[in-house]
Amino acid sequence: MKARQTTLRIPEDLANKAELIARTKGTSLNQLIIDSLAVEIDRVRRDKKFMDTLTHLLERDKDILRALGE
């Protein structure tokens, strides 16, 4: 799997809690964040309202791109 490096600015209190959870689970903070993102992505994929909004935004963006090409 190809990986992308990024910088996150996490509030100190949240970072401390996440580090404690990762340490307790015996994993890295990086892996905890990856796992948490995967769970959130799976959740929104199953959220009909979110997916409807996404579809609407994509269609609107397609319309804008078409108009720019004219």
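Modeller: K62 and E59 stand three residues apart in helix α3, and therefore about one helical turn separates them. The model is a predicted one, and in it the side chains of K62 and E59 meet in a salt bridge, with 3.5 Å from N to O. K62 has a relative accessibility of 42% and counts as partly exposed. E59, with a relative accessible area of 38%, is likewise partly exposed. Both values fall in the partly exposed class because that class lies between the limit for buried, under 20%, and the limit for exposed, over 50%.

Salt bridges that share partners also occur in this model: they join E40, R43 and D47 into one network. R43 and E40 both belong to helix α2, which covers residues 29–45, and they are three residues apart, about one turn of the helix. R43 is partly exposed at a relative accessible area of 41%, and E40 is partly exposed at 36%.

A further salt bridge links D42 with R46, where the closest N and O atoms are 3.0 Å apart. D42 is partly exposed, its relative accessible area being 37%, whereas R46 counts as exposed at 60% relative accessibility. A search of the whole structure finds seven salt bridges, among them the one between K62 and E59.

Helix α3 itself spans residues 48–69 and includes L54. L54 is partly exposed, with a relative accessible area of 33%. Together with F50, M51 and L58, L54 makes a nonpolar surface patch of about 320 Å². R66 is another residue of helix α3, and R66 counts as partly exposed at 48% relative accessibility. Between R66 and A38 there are 33 Å from C-alpha to C-alpha, and the two are 28 residues apart in sequence.

The setting of these details is the chain as a whole. Its secondary structure comes to three helices and zero strands, in the order α-α-α from the N terminus on. The radius of gyration is 18 Å, well over the 11 Å that the globule rule gives for 70 residues, so the chain is more spread out than a compact globule. Along its principal axes, the C-alpha trace spans about 55 × 30 × 25 Å. Of the 70 residues in the chain, 7% are buried. The chain exposes about 6,800 Å², and carbon and sulfur atoms supply 58% of this area.

As for charge, the chain carries 14 positive and 12 negative side chains, and the centres of these two sets lie 3 Å apart. To return to the pair requested, K62 and E59 are joined by a salt bridge across about one turn of helix α3.

Methods: Residues numbered from 1 in each chain as written. Predicted model: local features only at pLDDT ≥ 70, side-chain atom pairs only at ≥ 80, totals over all residues. Heavy atoms only, no water. Helix = DSSP H or I, 4+ residues; strand = E, 2+ residues; numbered from the N terminus. Rg over C-alpha atoms; globule rule 2.2 N^0.38 Å. Buried < 20%, exposed > 50% of the residue type's maximum accessible area, 1.4 Å probe, protein only. Areas by Shrake-Rupley, 256 points an atom, 1.4 Å probe, with all protein chains shown as cover. Lys, Arg positive; Asp, Glu negative; His and termini not counted. Charge placed at Lys NZ, Arg CZ, Asp CG, Glu CD. Patch = residues over 30% accessible without salt bridge, like charges linked within 9 Å, V, L, I, M, F, W, Y side chains within 5 Å. Salt bridge = Lys/Arg side-chain N within 4 Å of Asp/Glu carboxyl O.
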